[in-house]
Amino acid sequence: MKRFDSKYIDDGHTWHADASLILDDEGLITALLSQTQADIEYPRENCQEYHALGNSLLMPGCINAHSHAFQVLLRPTTGQPLHFQDWVDRFLYPLVLTLNEEQLYASALLVFSDMLRHGITTVGEFFYVHNLEDGSSSHNRHARAVIQAARDVGLRIALIRTLYDLGHKEGQKRFREPLDQALAQTEALYNIYRQTPEVTIMPAPHSLHGASKELIIAGAELAQQLNTPWHIHLAEQQSDIPFAQERYGLSPVQCLAEWGVLNSRTVLVHAIWLNETDKQLVKDAGASIAYNPITNMALGDGIADIPWWHNHGVPVALGTDANIQADLFAEARTTEYLQRSRKLAMGVIPEARSLAHMLNVHGGTVLGLPVGQLEPGYHGDFLVIDLSAEALLPASLGPYPEVPVLNQLIFSAPPAQVIRQVFVDGEEVVQNGQLSRLNPGQVAAELERALA
Ligand SMILES: [Zn+2]
């Protein structure tokens with residue numbers, strides 16, 4: 001049993017003052033209660049570990065709903081592409097053609113370390129580089145290398161395994177699998193990790209241009225069978241609308257609805273170019289959204305109608321997608337700032353708590369995992385925020401500073417200046433910006449060797 005005492009604990013919905021969080025030996029939360037009550041029920045001397053965290057806020061770790069780890073290698077070119085297709089043809093595919101297992105591991109190690117230091121405790125890694133350089137299957141070796149990187153740094157991972165059976169460009173030979181193989185490999189990967197609580201596998205037909213109608217339907221059925229959500233890139237670029245119209249005579253959302261696969265397991269990645277009918281279909285189906293505003297800005301995708309989702313109770317989680325930054329707090333403030341710029345207004349998503357839900361609670365929803373909240377039965381994945389940090393002044397001075405501190409965390413404070421520790425399943429994986437499981441210089445050495 002582990003006990004964490006903190007001035008405040010944010011359970012994902014509200015703050016508890018002078019509170020204790022109790023974890024079992026597996027790192028699952030068993031109780032959140034006052035320190036006075038904890039002294040009676042879980043006395044310090046009975047705890048295997050006792051952490052007196054002092055003037056701190058303990059809050060759920062951020063849940064990164066959508067990432068492509070290897071794209072961290074494109075960071076040096078962020079300013080170069082002329083438009084989306086130029087980015088794909090001149091930067092993404094040439095990189096993809098040369099990637100090997102060591103580079104996939106080392107790039108994941110780099111960006112996953114960066115995520116942890118920024119307070120991300122779970123990543124939804126949307127992974128599609130399934131094949132070797134000659135186009136033959138890696139038999140999940142690539143996916144497993146990325147999962148290993150997450151385990152080596154101590155980050156929880158949902159490997160969202162892509163199903164991809166379309167496309168004839170040279171770069172796409174690294175992704176493409178026939179329908180039967182895509183499904184069999186996804187199930188095989190699922191079975192490898194089914195007893196590993198820190199790793200989850202779920203299917204993801206890549207998109208309407210990457211996956212056939214048959215594969216999308218089969219992917220949704222596989223999710224039902226495995227009892228997981230399923231993800232799909234949808235309506236990211238404006239050109240996705242005429243593409244769906246020409247091929248299927250429907251909007252992208254209508255395709256899913258028509259094929260009977262739009263339901264509460266469905267997670268739409270992006271969902272930017274939707275009309276009113278589309279949005280209503282998504283809401284009625286109980287589907288969710290994984291939104292990536294910084295990548296959408298960088299790629300010139302457009303601005304999603306987040307206020308509509310928010311006002312209609314559709315869960316929106318946030319992702320770092322192309323990983324230009326690995327900071328979910330930045331994604332949250334960008335979400336609001338884009339709406340302010342679009343609507344020439346302020347407070348479009350009116351509460352700091354609503355934005356905070358996108359950081360953690362809704363992330364747990366779109367990944368189908370007991371994470372993103374600090375409640376009994378959930379994983380003990382949390383951040384220790386230093387309320388004495390200058391970067392939280394003046395918010396932290398108030399008598400009950402919940403709303404001011406949340407505002408300042410989202411809009412002002414650099415994560416590195418306020419996150420003192422990061423815990424995953426009750427294990428400290430970051431302390432004062434340093435990763436506990438890796439030696440200093442290890443990430444750089446791995447990457448240098450892999451890229452040599
Ligand atoms: Zn993506």
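Two strands are said to pair if DSSP finds at least two bridges between them. Helices (H or I, at least four residues) and strands (E, at least two) are DSSP runs, numbered from the N terminus. The model is predicted: local features need pLDDT of at least 70, side-chain atom pairs count only at pLDDT 80 or more, and totals for chains, interfaces and linings use all residues. Residues are numbered from 1 along each chain as its sequence is written, and side-chain values use heavy atoms, with hydrogens and water left out.

**View 1. Strand 6 and strand 7 run parallel and are joined by four bridges.** Strand 7 spans residues 120–127. Within this pair, S67 stands opposite E125 of strand 7.

**View 2. Four strands form an open sheet in the order 6-7-8-9, with parallel pairing.** Strand 6 (62–67) and strand 9 (199–205) each have a single partner strand, so one side of each is left without a neighbour in the sheet. On average, neighbouring strands are turned by 15 degrees against each other, direction ignored. For such angles, axes are lines fitted to C-alpha atoms, for helices over the stretch in contact, and values run from 0 to 180 degrees between N-to-C directions.

**View 3. Helix 3 (residues 101–117) packs on the sheet.** This helix touches strand 6, strand 7 and strand 8 (156–163), where contact means heavy atoms within 4.5 Å. The direction of helix 3 makes about 145 degrees with that of strand 7. Helix 5 (residues 179–192) also packs on the sheet, touching strand 8 and strand 9, and its direction makes about 165 degrees with that of strand 8.

**View 4. The largest nonpolar core contains 139 residues.** A nonpolar core is a set of buried Ala, Val, Leu, Ile, Met, Phe, Trp, Tyr and Cys residues joined through side-chain atoms within 4.5 Å; buried means under 20% relative accessible area (1.4 Å probe, protein chains only). F112, L256, W309 and L409 touch the most other members. Helix 3 gives the largest share, nine residues. Leaving aside residues up to four places away in sequence, the contacts of F112 include V123, E125 and I157.

View 5. I410, F411 and L435 supply 29% of the area that domain 1 buries against domain 2.

Methods:
Buried means under 20% relative accessible area, exposed over 50%, partly exposed in between (1.4 Å probe, protein chains only). Buried area is the accessible area (1.4 Å probe) that two parts lose on being put together, summed over both.
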